[in-house]
Amino acid sequence: MKLLFKLLSKVSPDTIDSYIRQRWIKPVGFEDLNLAFIDESGKAWYEFGNGMANPIKRIEQQSQFVSFLSARVSPEAMEIAYEGVTKAFNEGKYLEGLVIFKRFMDMRDMIIPLDVLINALAADFIREDESITDINDKIHQEKCDYLKKVVDNGDSFFFQLTAVKDLSERFKIFRDSWAVISKGYKESLNELKEEIELVRSMNLEKGSLTKAQPSDSSSETT
């Protein structure tokens with residue numbers, strides 16, 4: 001898995017730019033899109049055919065997710081760390097907050113950002129109940145949740161989708177690697193949560209205060 005992440009982390013900016021630029025042609029409507037599949041709820045999902053592309057808002061959304069991939073940052077992991085740091089700071093535990101942030105930075109390179117890959121794919125698909133040109137955050141999250149479930153189940157149709165093939169080829173992700181990424185991603189997030197709980201249980205602020213007290217008392221005695 002470490003080798004796989006090294007490959008992802010070494011993706012060049014040119015590769016990322018090429019992935020985004022290839023989808024820079026405005027589609028006309030659903031009739032111009034290709035039916036990709038129909039999900040369990042009976043909703044049709046569409047994808048762009050050769051020579052077609054996402055409108056500007058979807059390209060902007062994709063570019064944001066791909067920039068996270070280039071920076072080797074998982075937004076979900078970052079949110080977990082942010083919540084831990086914010087909670088510590090709100091309680092006046094600044095040392096604790098800094099340690100939590102340091103642990104996140106130390107673990108960042110071990111987290112393969114599956115959430116970024118899934119979000120990029122979700123932005124590439126158009127579901128029948130959403131607009132082609134505008135972004136609906138609720139539907140986007142529903143698409144992400146569905147695609148994560150499909151990856152976990154190893155559904156074969158997923159790997160036949162044009163958008164999945166293109167992303168897999170450009171970022172050197174083999175079919176079997178998707179399951180590995182998903183498993184490692186979940187384990188890494190759980191490990192990050194455990195690390196934060198461990199830091200919070202150490203009561204660092206009290207420990208630092210206790211260390212300072214002997215020197216104060218000794219100076220008064222002197």
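In this predicted model, Asp152 lies in helix α7, which spans residues 137-153. With a relative accessible area of 39%, Asp152 is partly exposed, because that value falls between the limit of 20%, under which a residue counts as buried, and the limit of 50%, over which a residue counts as exposed. When neighbours within four places in sequence are left aside, Asp152 is in contact with Ser182 and Lys186. Trp178 stands 26 residues from Asp152 in sequence, and the C-alpha atoms of these two residues are 8.4 Å apart in space.

Helix α9, made up of residues 175-201, also packs against helix α5, and the axes of the two helices come within 10 Å and cross at roughly 155°. The crossing of α5 and α9 is right-handed. On the side of α5 the contact is made by Glu96, Val99, Ile100, Arg103, Phe104 and Met107, while α9 contributes Ser188, Glu191, Leu192, Glu195, Ile196, Val199 and Arg200. Sorted by class, the residues of this contact between α5 and α9 comprise seven nonpolar, one polar and five charged.

In α4, the residues Ala77, Met78, Ala81, Gly84, Val85, Ala88 and Phe89 take part, and they meet Tyr94, Glu96, Gly97, Leu98, Ile100, Phe101 and Phe104 in α5. The contact of α4 with α5 includes 11 nonpolar residues, together with two polar and one charged.

Turning to the strands, β1 (residues 34-38) pairs with β2 in the antiparallel sense over four bridges, and Asn34 has Glu47 of β2 as its bridge partner. The hairpin formed by β1 and β2 has five residues between the strands, and in its turn Gly42 shows a positive phi of about 85°. Strand β2 is also joined by two bridges to β3 (residues 126-127), again in an antiparallel arrangement, with Tyr46 opposite Ile126 of β3.

In a regular strand, side chains alternate between the two faces of the sheet. Strand β2, covering residues 44-47, has Ala44 and Tyr46 on one side and Trp45 and Glu47 on the other, and because all of these residues are buried, both faces of β2 are covered.

Note on methods
Residues numbered from 1 in each chain as written. Predicted model: local features only at pLDDT ≥ 70, side-chain atom pairs only at ≥ 80, totals over all residues. Heavy atoms only, no water. Contact = heavy atoms within 4.5 Å. Nonpolar A, V, L, I, M, F, W, Y, C, P; charged D, E, K, R; others polar. Buried < 20%, exposed > 50% of the residue type's maximum accessible area, 1.4 Å probe, protein only. Pairing = 2+ DSSP bridges. Axes fitted to C-alpha atoms, helices over the stretch in contact; angles between N-to-C directions. Left-handed = near helix turned anticlockwise from the far one by under 90°.
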